[in-house]
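Here is a friendly briefing to read alongside the model. Please keep the sequence and the 3D view open as you go.

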Amino acid sequence: MTKDGSWLDGYGALDALASDLRAAFAALPRRSLAQGSVLFAPGAPCQGFALVLAGGVRVDVTGASGRSILLYRIGPGETCVQSTLCLLGEATYSATALAETALSLVFVPRPLFERAMGESEPFRRFVFRSFAARLDEMTRLLESVAFVRVEARLAAVLLDRARRAGASAVEATHQDLAEEIGTAREVVSRQLDAFRRDGLIASGRGRLDVLDAGRLAALAATA
C-alpha cells in the first residue's frame with residue numbers, strides 16, 4: 001500500500017500522476033458490489049472511468065435475437081473499453097457489465113477523467129494503451145467467431161476456464177459457453193456431446209471435467 005493508504009498501487013501506470021491529481025484519485029471512494037450485480041446496461045448514461053480493484057467483471061453484448069456474446073473480461077489493474085467509449089464519445093453504454101465475483105472498484109467521475117486527460121501525459125498513455133489492447137482483444141474475438149471452427153473455440157474455452165480455476169473441473173452451463181464463443185446453446189450442446197463420446201470430457205450437473213487436455217489443446221490449435 002502507499003503511505004496514504006490509497007488503492008493506486010494496483011494501477012502502477014498511475015504512479016506518474018502529478019501530486020495534486022494523485023491526491024484527487026486517491027480520495028475517490030471504493031465501491032463494493034455483490035456477485036451478479038449489473039454495473040451498467042445498454043442505454044444507461046456513463047458512470048465514470050471504471051477501475052477494478054478486486055474481483056472480475058464480464059462485458060456482454062446482446063443482439064436483437066436475444067443471443068449474447070462475451071466481449072471481454074475485466075480484472076484488477078485493467079480498464080473497461082465501454083467506459084472509455086462513453087467518456088470520450090459522450091455516448092451511452094452499448095453493452096452489459098456483470099460482476100462475476102464479489103467486486104471492489106472505483107469510478108473516476110467525468111470531470112476528473114477529463115482533467116487528467118488534459119493535464120497528464122502518463123494518464124493519456126495509460127487510457128489509450130488500455131483502449132488499444134481491448135480493441136485488439138475484440139478484433140481477435142471477431143476473427144475467432146468468423147473464421148475458427150466451433151469445436152476449436154469450445155476446446156480453447158474449456159481449457160482456459162480449467163486453467164483459471166486451477167482444476168480439471170469447469171463450472172459452466174451450456175448457455176455460458178455459448179455466449180463465450182459466440183454461438184447458439186444448441187450448437188454447444190451438440191459439440192459437448194461429441195467431446196463426451198470421444199472421451200475428452202465428462203459431465204455432471206453444472207460442471208464439465210476435462211479428461212484429455214492434450215487432445216483438447218490439439219483441437220484448439222486447429223482453425
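This is a predicted model: local features need pLDDT of at least 70, side-chain atom pairs count only at pLDDT 80 or more; totals for chains, interfaces and linings use all residues.

Residues are numbered from 1 along each chain as its sequence is written, and side-chain values use heavy atoms, with hydrogens and water left out.

**Confidence**

- Contact here means heavy atoms within 4.5 Å.

**Overall build**

- The secondary structure comes to eight helices and ten strands. Helices (H or I, at least four residues) and strands (E, at least two) are DSSP runs, numbered from the N terminus.
- Along its principal axes, the C-alpha trace spans about 60 × 40 × 30 Å.
- Of the 223 residues in the chain, 43% are buried. Buried means under 20% relative accessible area, exposed over 50%, and partly exposed in between (1.4 Å probe, protein chains only).
- Among contacts with a separation of 6 or more, 67% are between residues 24 or more positions apart.
- The accessible surface is about 11000 Å², and 54% of that belongs to carbon and sulfur atoms. Accessible areas come from the Shrake-Rupley method with a 1.4 Å probe; for residues, only the protein chains shown count as cover.

**Aromatic pairs**

- The model has nine aromatic pairs. Rings of Phe, Tyr and Trp (its six-membered ring) pair if their centres lie within 6.5 Å; planes under 30 degrees apart count as stacked, over 60 as edge-to-face and the rest as tilted.
- Tyr 11 and Phe 126 make an edge-to-face pair, with 6.0 Å centre to centre and 85° between the planes. Tyr 11 lies in the segment before helix H1 (19-26) and Phe 126 in helix H4 (residues 121-147), so this pair ties together parts that are 115 residues apart in sequence. Both Tyr 11 and Phe 126 are buried.
- Phe 49 and Phe 113 make a tilted pair, at 5.1 Å centre to centre and 45° between the planes. This pair also links distant parts of the chain, since Phe 49 is in strand S3 (residues 49-54) and Phe 113 in helix H3 (residues 110-119), 64 residues apart. Both Phe 49 and Phe 113 are buried.
- Ring pairs join Trp 7, Tyr 11, Phe 25, Phe 49, Phe 113, Phe 123 and Phe 126 into a cluster.

**Cysteines**

- How many disulfides does a search of the whole structure find? The search finds zero, a disulfide being a pair of cysteine sulfur atoms within 2.5 Å.
- For Cys 80, the closest cysteine sulfur is that of Cys 86, and at 7.9 Å it is too far for a bond. Cys 80 is buried, with a relative accessible area of 1%.
- Cys 86 is in no disulfide either, and its nearest cysteine sulfur, that of Cys 46, is 4.3 Å away. Cys 86 is buried, with a relative accessible area of 1%.

- S4 (residues 57-62) and S5 (residues 68-74) run antiparallel and are joined by six bridges. Two strands pair if DSSP finds at least two bridges between them.
- Val 61 has Ile 69 in S5 as its bridge partner.
- S4 and S5 form a hairpin with five residues between them, and Gly 66 in the turn has a positive phi of about 95°.
- S4 is also joined to S6 (residues 96-99) by four bridges, and these two strands run antiparallel. Here Asp 60 stands opposite Thr 96 in S6.

**Strands S8, S10 and S9**

- These three strands form an open sheet in the order S8-S10-S9, with antiparallel pairing. The edge strands are S8 (169-170) and S9 (201-204), each pairing on one side only.
- Two bridges join S8 to S10 (residues 207-210), and the bridge partner of Ala 169 in S10 is Asp 209.
- Ala 202 sits in strand S9 and counts as partly exposed, at 28% relative accessibility.
- Leaving aside neighbours within four places in sequence, Ala 202 is in contact with Arg 207, Leu 208, Asp 209 and Leu 211.
- The C-alpha atoms of Ala 202 and Ala 169 are separated by 9.3 Å, and the two residues are 33 apart along the chain.
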